[in-house]
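Trainee: Could you walk me through this model, please? I would like to learn how to read it.

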Amino acid sequence: MSDETVVIETREQALWITINRPDKRNAMNAAVIEGIARGYRQAHDDPSIRAIVLTGAGDKAFCAGADLQASGAAFGFDFSRPNGDYADLLRLTQNATKPSIARVNGTCMAGGMGLLCMTDMAIAADHVQFGLPEVKVGVFPMQVMSLLQNIAPRRLINEWALTGEPFDAKAALAAGLLNYVVPAAELDAKVEWLTSRLTDKSPTAIRRGKYAMRAIAAMSFDESIAYTESQIAITAMTEDAKEGMRAFVEKRKPVFPGK
């Protein structure tokens, strides 16, 4: 790892974004938020990138939340601005059209839970502890709730947010926060396995599919079905769809142009 606050590196067709503050349990400050956002933009500007992996340096923490040691800067808002940097990061990732995986290597707390929820999929080591401890310091996981409410059951969210008590990886998996839980020694292999299942698929289908899933989230069934029937027709006209159909007929692996 370098001395950068956030390390961005390309590994084959995946862009890895690593929070590089292991001595601070990878807690977020302004530089971390900016670095993650930069990584997401870089991934979307590079057509060779097919997936994003978000993780933390070391083996102790994925992200412990906001850096509370920074002399109150964690909650030092500029009230002249309607948007906050962390909220803008969550907005950016929800509009992303490339798939993302959280590699949860250690403690995932508070704002770190928001980073977990903003990804499409997540794999955690079995020793990881999760939690929303904000009430212990007199605040509340306000922004995290915006994403968490669409992932986990309401009763569990109530317990986590109102008590502030931690829970383990097994509970996180059962609640739908994670796709897989594995021993720490197997974490990288599982992330590589899941990444490989994304990077050999049609990037155009994934891009348009993620856009559509985002669009229909707030629609009624009638609105959603009308929207998606038009979207499948458009998707079928893309170069990736044509290549996929040809490859199927010719019984070969498709080579998607991403168009």
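Predicted model: local features only at pLDDT ≥ 70, side-chain atom pairs only at ≥ 80, totals over all residues.

Trainee: Are H1 and H2 roughly parallel or antiparallel to each other?

Mentor: Residues are numbered from 1 along each chain as its sequence is written, and side-chain values use heavy atoms, without hydrogens and water. The axes of helix H1 (residues 30–45) and helix H2 (residues 85–94) cross at roughly 20°, and angles under 35 degrees count as roughly parallel, over 145 as roughly antiparallel, 65 to 115 as roughly perpendicular and the rest as oblique. H1 and H2 are therefore roughly parallel.

Trainee: How do H8 and H9 run relative to each other, roughly parallel or antiparallel?

Mentor: Look at the angle between N-to-C directions, which runs from 0 to 180 degrees between lines fitted to C-alpha atoms, for helices over the stretch in contact. The axes of H8 and helix H9 (residues 221–235) come within 11 Å and cross at roughly 170°. That makes H8 and H9 roughly antiparallel.

Trainee: Is Ser-202 buried or exposed?

Mentor: Ser-202 sits in the loop between helix H7 (187–199) and helix H8 (203–216); helices (H or I, at least four residues) and strands (E, at least two) are DSSP runs, numbered from the N terminus. Buried means under 20% relative accessible area, exposed over 50%, and partly exposed in between, with a 1.4 Å probe and protein chains only. Ser-202 has a relative accessible area of 10%, so Ser-202 is buried.
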